[in-house]
Amino acid sequence: MRGSEYRAGVDRGLPVGMGYFSVSFGFGAMAVSQGLGAWDAALISLTNMTSAGQFAGLTVIVAAASLWEMVLTQLIINSRYALMSLALSQRMGQRIGLLPRLLIAFFNTDEIFALAMSRTEPLTLPYMLGLGTLPILGWTGGTLCGGLAGSVLPVSIRGALGVMLYGMFVAIVVPPARQEKPVLAVVILAVVLSCLFSWTPGLKDVSAGISIVICTVAAAAVCAVLFPVADEEAAQ
């Protein structure tokens with residue numbers, strides 16, 4: 001039973017692992033181009049498993065920002081994982097203990113969360129462990145391969161690999177932004193704020209970590225006020 005559950009999780013996580021390999025390849029190449037070693041980049045991926053958080057963290061590292069800026073940046077960007085873990089815990093049985101739950105929360109990414117929540121059968125520990133196996137290997141292995149390749153490839157190709165990651169973010173943001181006005185508004189506001197921190201005298205002296213936090217919180221707060229989500233009672 002446990003073996004079949006684990007295999008079922010591995011089968012479901014295979015497409016995610018393949019996708020993570022291709023995306024993290026760009027992170028590895030970018031990390032090496034910014035002065036990190038290939039194995040250092042792989043260790044970051046192995047212990048973090050967060051695309052947006054790692055790229056923001058890389059920006060903070062390159063800028064030689066303080067440790068508390070790094071902590072604050074990661075806390076803001078990755079706060080959604082806490083909410084997803086809370087939702088996921090409601091689907092897991094009482095027999096799953098604290099340590100296994102912490103392990104599941106570690107590799108609970110957006111894609112893994114979506115796959116887990118879409119399962120009609122009860123979530124078991126072997127299934128969740130199988131679901132996270134290939135994504136972890138793909139994300140870490142892709143980063144290592146990208147870092148090793150980036151250390152020997154020409155600068156022009158490394159630059160192109162770095163652009164691949166931004167292309168991924170554009171592909172993620174554009175479709176929902178075209179369909180939902182609040183998403184488009186928060187994207188535009190975040191871009192405007194980021195440009196202000198990049199080009200405005202005085203603001204451009206603010207460190208990278210602090211500017212990321214300010215842009216993220218400000219854009220989310222303004223759009224939360226402008227586009228409040230109706231609760232169930234109001235919707236009824």
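## Overall make-up

From the N terminus on, the elements of the protein chain run α-α-α-α-α-α-α-α-α-α-α-α. The chain, shown here as a predicted model, has 12 helices and zero strands. It contains 236 residues, of which 36% count as buried.

Contacts across the sequence can be described by separation. Among contacts in the protein chain with a separation of 6 or more, 76% are between residues 24 or more positions apart.

## Helix H2 against helix H8

Helix H2 covers residues 38–48 and helix H8 covers residues 125–150; the two pack at an angle of about 160°, with their axes 8 Å apart. Angles over 145 degrees count as roughly antiparallel, and that is therefore how H2 lies to H8. The crossing of H2 past H8 is right-handed.

On the H2 side, the residues in contact are Ala38, Trp39, Ala41, Ala42, Ser45 and Leu46. On the H8 side they are Ile136, Trp139, Thr140, Thr143, Leu144, Gly147 and Leu148. By class, the contact of H2 with H8 has nine nonpolar and four polar residues, and no charged ones.

## The two sides of H2

Ala38, Ala41, Ala42 and Ser45 are the buried residues of H2. They cover an arc of only 100° around the axis, so they sit on the same side of H2. An α-helix has 3.6 residues a turn, so residues three or four places apart point the same way. The face of H2 turned away from its buried side carries Trp39 and Leu43, which are exposed.

Most residues other than glycine have a negative phi. Met49, which follows H2, has a positive phi near 55° and is not a glycine. Met49 lies in the loop between H2 and helix H3 (51–62). Its relative accessibility is 3%, so Met49 counts as buried.

Ala64 also is not a glycine, and its phi is positive, about 60°. This residue is found in the loop between H3 and H4. Ala64 has a relative accessible area of 67% and is exposed, whereas Met49 is buried.

## Trp139 in H8

Trp139 is placed in helix H8. With a relative accessible area of 3%, Trp139 is buried. Leaving aside residues up to four places away in sequence, Trp139 touches Tyr20, Val23, Ser24, Ser45, Met49, Thr50, Ser51 and Gln54. Among these, Ser45 is one of the buried residues of H2, and Met49 is in the loop between H2 and H3.

Trp139 and Ser51 are 88 residues apart in sequence; from C-alpha to C-alpha they are 9.2 Å apart in space.

## The two sides of H4

Helix H4 covers residues 67–77, and its residues Glu69, Met70, Thr73, Gln74 and Ile77 are buried. They fall within an arc of only 125° around the axis, which puts them on the same side of H4. On the other side of H4, the residues Leu67, Trp68 and Leu75 are exposed.

## Helix H5 and its neighbours

Helix H5 (residues 79–89) and helix H7 (residues 110–117) have axes that come within 11 Å and cross at roughly 15°. Angles under 35 degrees count as roughly parallel, and H5 and H7 are therefore roughly parallel to each other. Their crossing is left-handed. H5 contributes Arg80, Tyr81, Met84, Ala87 and Leu88 to the contact, and H7 contributes Asp110, Phe113, Ala116 and Met117. By class, the residues of this contact divide into seven nonpolar, no polar and two charged.

In H5, the residues Tyr81, Met84 and Leu88 are buried. Seen down the axis of H5, they fall within an arc of 60°, so they line one face of the helix. Leu83 and Leu86 are exposed on the other side of H5. The buried residues of H5 pack against helix H6 (98–106), H7 and H8.

Technical notes
Residues numbered from 1 in each chain as written. Predicted model: local features only at pLDDT ≥ 70, side-chain atom pairs only at ≥ 80, totals over all residues. Heavy atoms only, no water. Axes fitted to C-alpha atoms, helices over the stretch in contact; angles between N-to-C directions. Helix = DSSP H or I, 4+ residues; strand = E, 2+ residues; numbered from the N terminus. Parallel < 35°, antiparallel > 145°, perpendicular 65-115°, else oblique. Left-handed = near helix turned anticlockwise from the far one by under 90°. Contact = heavy atoms within 4.5 Å. Nonpolar A, V, L, I, M, F, W, Y, C, P; charged D, E, K, R; others polar. Buried < 20%, exposed > 50% of the residue type's maximum accessible area, 1.4 Å probe, protein only. Arc of directions from axis to C-beta.
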